[in-house]
Amino acid sequence: VEEGDKLSLLTWNIDGLDGEEQPQRARGLCSYILEYSPDVVLLQEMVQPYIRFMHKRLATNYTFIKGGEIGYFTTILLKKTRVTLLDSKILPFRYSRMMRNLLIAQVMFRGQKVCLMTSHFESCKDNSGERMRQFNAVIKRMSMAPDDFTVLFGGDTNLRDYEVATVEIPESICDIWEQLGEPEKCRYTWDTWANTNKEMRFKNRLRFDRVYLRRAVKDGVPRMEPHSMALVGLEKLKCGRYTSDHWGIYCTFSVE
């Protein structure tokens with residue numbers, strides 16, 4: 001991957017809670033990060049064994065920001081040669097029963113201020129109410145970011161399309177997949193027809209993982225625009241499993 005003016009981002013629910021072939025899958029994850037060399041990595045369902053493994057292999061090139069310490073949590077990685085960390089914080093979701101929160105990092109990329117956000121919204125259909133509350137909180141926080149910041153959110157939203165349709169999203173915020181013309185090859189990020197890591201009684205194809213952009217709105221600040229999008233993790237590892245039960249999303253943004 002050629003570095004340049006474009007910002008590259010990888011978001012992925014790595015399914016760290018799955019203990020099957022965990023060392024091989026952790027190695028696979030590191031291999032993808034080294035291959036794609038994204039400027040920003042947003043990870044969900046991180047666990048301590050994974051992050052210790054990754055830190056040994058990637059800490060030379062990446063700054064690690066953890067969204068927790070116990071159980072499972074989110075993590076942001078920033079490429080040291082391209083992205084400078086200004087500040088970070090963790091905002092708990094007050095009513096979450098699954099230890100879910102919003103991890104935020106304010107960074108500088110090639111002279112431009114960027115606010116990065118990642119989260120893993122409440123899971124399962126029965127928790128739709130809490131999931132929608134979390135989604136609304138993220139949209140509100142994106143909208144309230146300083147005018148000179150570009151805001152990028154990526155994560156496992158667990159959202160169904162009909163849930164998203166009930167939310168009034170400001171025109172300043174766009175869904176990257178929709179903005180790029182809804183490419184069919186990137187539609188489903190959780191696809192139990194194609195991904196065999198989980199033994200599911202009923203097969204599903206859903207777009208759980210999403211990336212949202214709010215461009216800087218201050219006059220004179222360059223606008224960041226979606227440039228490309230692709231799914232990663234589509235190849236089985238030598239152990240016979242995929243890196244995760246989710247596909248990752250790799251996308252790039254041009255600065256105009």
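Analyst: Start with the helix. Helix α3, residues 128-144, lies across β5, β6 (101-109), β7, β8, β9 and β12. Its direction makes an angle of about 25 degrees with β12. Keep in mind that this is a predicted model.

Now take β12 itself. On one side of β12 sit D209, V211 and L213. On the other sit R210, Y212 and R214. Both faces are covered.

Next, the neighbours. Strands of a sheet pair through backbone hydrogen bonds, either parallel or antiparallel. Strand β8 (residues 150-156) pairs with β12 in the antiparallel sense, over 6 bridges. There, L152 stands opposite L213 of β12. Strand β9 (residues 173-175) is also antiparallel to β12, with 3 bridges. Here D175 stands opposite Y212.

Step back to the sheet. It is open and has 6 strands, in the order β5-β6-β7-β8-β12-β9. The pairing is mixed. β5 (83-92) and β9 are at the edges with a single partner strand each, so one side of each has no neighbour in the sheet. From one strand to the next, the twist averages 20 degrees.

For a parallel pair, look at β7 (residues 112-119) and β8, which share 4 bridges. M117 has F153 in β8 as its bridge partner.

Finally, the record. UniProt lists residues 10-246 as "domain: Endonuclease/exonuclease/phosphatase", in an unreviewed entry. In the model, that span is 22% helix and 33% strand. Its end C-alpha atoms lie 13 Å apart.

Methods:
Residues are numbered from 1 along each chain as its sequence is written. This is a predicted model: local features need pLDDT of at least 70, side-chain atom pairs count only at pLDDT 80 or more; totals for chains, interfaces and linings use all residues. Side-chain values use heavy atoms; hydrogens and water are left out. Buried means under 20% relative accessible area, exposed over 50%, partly exposed in between (1.4 Å probe, protein chains only). Helices (H or I, at least four residues) and strands (E, at least two) are DSSP runs, numbered from the N terminus. Two strands pair if DSSP finds at least two bridges between them. UniProt positions are given in the numbering used here, feature names are shortened, and annotations may be inferred rather than shown by experiment. Axes are lines fitted to C-alpha atoms, for helices over the stretch in contact, and angles run from 0 to 180 degrees between N-to-C directions. Contact means heavy atoms within 4.5 Å.
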